Amino acid sequence: MFHDLSVLLKYKVFMENSNSKKRQKNSLLFLVLFCFGFLFLISKNLLTVYNELSVLTFANGNFGDIYMNFIITFFSLFFILSFSSMMSFHLKKNEEIDFLLTLPIKKSSIVTYNLIISGISMLLYLVIYLAPVIAFFSNKTPSFIIFGSIGVLMSVLLLVFISSICAVLLSSVASQKVLRVLMIIINLIYAGAYILMFQTLPGSILNSGALPDALMKADGFFRSGFNIFSIGINAGERPYYLIILSVLLVLFGLLYFYMSDRLNFKKIRVRNGKSAVKESAAKSNTLLRKELMIYRRNEQLIYYIFYPVGFGLLMGFINKDFFTSLFTISIMGCLFISMQTAYSMSLEGGSIELIKMLPIDLKDFIRVKLLVPVVINFLLLVIVFFCLNLFIGVRPLSLILLPVISVVQLMASLSGMAFTLKKPPQQMSNPNAFMRSTSFLGQFLVILVLSMITVLPVSIAILQTAATVSPLINALLIGVSCAGLFIIIILSVRLWNTIKKKVFAWC
Amino acid sequence: MIKCVNLTKKYNTKVAVDNLSLDIGTGLIYGFLGTNGAGKTTTIKMLTGQLPITSGEAEIAGMNVMRNPVEVKRQIGIVPDEPKIYPFFTGNEFIQFILDLFKMNNSVTRKDFNELCEAFDIDFLNVPISDMSHGMRQKLMVTSVLMRKPRIIFLDEPTVGLDARSSRIIKDLLKKRAHEGATIFLTTHVLEIAEKMCDRIGILHNGVLLTEGTMEELREKRNMDDSTSLEDLFLALTDQAEDVQNIVNAL
C-alpha cells in the first residue's frame, strides 16, 4: 500500500510541469502562512477568554476548562462533518479514479491518496481545532503538556480516521449534488457556530457570571473518558487515556482500511428517458437564462452569493449594528463576486468552442456574465437594507451607499473574469482551479483594499451622527471614498479593455 | 456558397494553412481530406468565423466571414470534431437553448427534431450532458444542426464515435440535404466515406491544397486508371504510399 501511495503522490506532486509545480508550492506556502497567522490570532483571543473564564471556579473545576472541553468537542464534530463531506466529494468517480482503477492499485490506496489531496484544504479547520488546545495548555504543567500533546496528535489522527470512514459511507449513498449542498450547509453553520462559540458564548458567560445550565449538566460527559473528542487534551491529566486512544486508533484504522478496500466508486445517477422537446413559446434572453442555469446547477455559486449576505446579517443581528452588517456584506460580497465570475467563466472553459460556433454576440456574452452576479448581489443588498431597517433601523441617507457598493462590485466582477481569461485554469474540468493560484489571492487583496478605502470612509461619514464627526473629518472621509471610487473606475476600464482584447481574440 | 481566396493562418512562424483558395457551389458535398495536422480543422474554423484569418478572404453565402461572423454563424451549421457541449445542460435543455438562440422554437423545427431523435434513437434527452458518452453527445450535436436545416453545413469527422446505424443515417441524410440544395463541407479520415459521398474532394497536406476536383478529375491529374481508389490516390498524393509499404515490410 505504501508503495502505491508513494507512486501516486510522486505522480501527483512531481509530474506536474515546473510552472504549475511552482504555483502549487506558492499556494501551499501561502495557505500555511495564512493558517499560522490565523492560528496565532484566534489562539491569542481564546487565551484571553480562557484566562478570564478560569477565574470563575466551582466545585469540579473552573469555567475555562469546561468551556474549552466543550468547544473542542464541538469543533471535533464539525471537523468530521466538514472533512467527510469534502472527502466523499473527492471519492466520486472521476477521470482520474477511472484511470487509477485500471491499474493494479488497492482501492484503499486510491482512497488514502484522495484523502491526502483533499486533506490539505482542511488545514484551516485544523487550525480552528488547535486554537482552543493551545489556550487550554497555556496554564498547565510541562508533564500535562507532553502527555496532552501526544493525546492531541492521536486525537487528530482519530478524527481523520473517523472522517474518512464517514466519507466512504457518504460517498456510497449520496450523489455529488447532495454532497455539494451538504458542504455548503456545513460551512454556513460553521461560520455561525464560530461566532457563537468564540464570541457570543464567552461574552454571555462573563456577563452573567454563570455557565448555561445545559453546559453545566454536560460537564461530566465532556471531561470523561467517554468523550473520545476531548480525551486527547485530557490525557495530560490522565495519561491512561492514551491507551484508550491507541485502542481506538487501531480499531478505527482497521475499519477504515477494511471499508475503503470495499468502496465502489460511484458515478452520478443517470436518469434515462425519452422525451420530446417541450412546446413553449420562443424565449428571448437566451444567454441570461443560460447564465442563471449555471447558477442553478452549481451549488458553489449559490454559496458564493449567500455566504457574505448570511454572514453579514448574522454579524448585524449579533452586534445590533447596521454598519457591521453592511461593511461585512459589501467587502465580503466583492470578494465573492470576483470568485463568482472567475468560477462561472472557468465553467465556460470546456465549452468555449460551442460559443464560438454559435451566432452569439460576444459583447452580450460578456455583459451577461459580468452583470448577473452584480445584479443578484445588488438585489440581496436591498433586501438586507430592508431587513435591517425593520429590526435595527437604518438612516435613509445610507441608501447612497448602494450605488457606491455596486460600482465596487462591478470592478470585482470584472477582475474575476479578467483573471480567468488571462490565466485559464489548466484543468478545465475543475472550475475551482483558479482558487489555487497565488495571483488570484493577490487580486483578492487588491479588491479588499480598494473596497475598504471606498466603502468604509463614506459609510462612517453617513452612518455617524453629525455630533460625533466634525464637518472637516466628514469631508475628508468622503474625499477618500471619492479617490477610491476614482481608482476603481480607472481599474474597471482597464479590466474591461483586457477582457475585450482577450475575448475578441477568439474570433 | 463557400468561397475563400488565399486563405492563410499562421501561428507565430508556423503556417497552418497556406494560401488556400476554394469555390464550392450550391448542392455539393465537398470532402476535405488530409493527414493529421494538415490544417483541416483550422480551415473549418476560419471559414466559420471561429478563428481569426491571418490573411486572405473568406465568404459564406455571399457574406464576408470576418466582417459578419455572427450572421454567418446564423446561416450555417457546424458539427465539430469534439462535441463540447455545456455539461450542466440536459439534452433537452441544450436543444431548447439552440432553438431559442436561433429563434426557431416553432412547431416545424420541433417536429423535425423529434423525427431526428427517432432516427438516431435518442432516448437520453433527460440525461445531463456531463453523463453522456461521446457517441451520445455527437448524436445530439448532429441533431441540433440538422433540425435547423441550414443552407451550409460544416462537419468535422461527423461519424467518429457513432454506431454503424447512426453513421449510415447521417451519410444518407447529408446526401438528401445536398440534393435539396444544401452545401456540405466535411472532413473525414475514412476515405471510403469520402469516395462514396462526396461530389468534389480537396486534399490538404501541411496546410497546402495539393489537389482538388471530382474523383475522375483527381485520377486524371495523376494519370491513374478508373479502378484506383481514393485511398491509393491519397497516399500517392501525400507521398505516403511507399512509406506505408516499407513499414509493413519491415514489420
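Reader: Which residues touch the most other members of the largest nonpolar core?

Author: Happy to start there, with the reminder that this is a predicted model. Leu47(B), Phe94(B) and Ile184(B) touch the most other members, in a core of 74 residues. Helix α5 (residues 134-146) of chain B gives the largest share of this core, 6 residues. Apart from this core lies another one, of 56 residues, and Phe78(A), Met86(A), Val168(A) and Leu201(A) are among them.

Reader: What makes Ile184(B) count as being in contact with other residues, and which are they?

Author: The test is that two C-beta atoms lie within 7 Å. Leaving aside neighbours within four places in sequence, Ile184(B) is in contact with Ile29(B), Tyr30(B), Ile153(B), Leu155(B), Leu174(B), Arg177(B) and Ala178(B).

Reader: Why is helix α3 of chain A called largely enclosed?

Author: A residue is buried if 20 or more other C-beta atoms lie within 10 Å of its own. In α3(A), 25 of the 28 residues are buried, so the rest of the structure largely encloses this helix. From first C-alpha to last, α3(A) (residues 63-90) reaches 40 Å, close to the 40 Å expected at 1.5 Å a residue.

Reader: How do you know where helix α13 of chain A bends?

Author: The bend is the angle between axes fitted to the seven residues ending at a residue and the seven starting there. At Phe306(A) that angle is about 35°, and Pro308(A) follows within four residues. Even so, α13(A) (residues 299-319) reaches 29 Å, close to the 30 Å expected for its 21 residues. Pro308(A) is also buried, as are other α13(A) residues, including Leu301(A), Tyr304(A) and Phe311(A). Just after the helix, Lys320(A) takes a positive phi of about 50°.

Reader: What makes β9 of chain B a partner of both β3 and β10?

Author: Pairing needs at least two bridges. β9(B) (residues 200-205) has 5 bridges with β3(B) (residues 29-34), running parallel, and 5 with β10(B) (residues 208-213), running antiparallel. Both pairs therefore meet the cut-off. Gly31(B) has Ile201(B) as its bridge partner in β9(B), while Ile203(B) stands opposite Thr211(B) in β10(B). In the hairpin of β9(B) and β10(B), Asn206(B) takes a positive phi near 50°.

Reader: Why are β2 and β5 of chain B said to stand at the edges of their sheet?

Author: The open sheet has the order β2-β1-β4-β5, with antiparallel pairing. β2(B) and β5(B) each have a single partner strand, so one side of each is left without a neighbour in the sheet. For β2(B), 7 bridges join it to β1(B), and Lys14(B) is the bridge partner of Tyr11(B).

Terms used:
Residues numbered from 1 in each chain as written. Chains lettered and ligands numbered in written order. Predicted model: local features only at pLDDT ≥ 70, side-chain atom pairs only at ≥ 80, totals over all residues. Helix = DSSP H or I, 4+ residues; strand = E, 2+ residues; numbered from the N terminus. Expected span 1.5 Å × (residues − 1). Buried ≥ 20, exposed ≤ 12 C-beta atoms within 10 Å, placed from the backbone. Core = buried A, V, L, I, M, F, W, Y, C linked by C-beta atoms within 7 Å.
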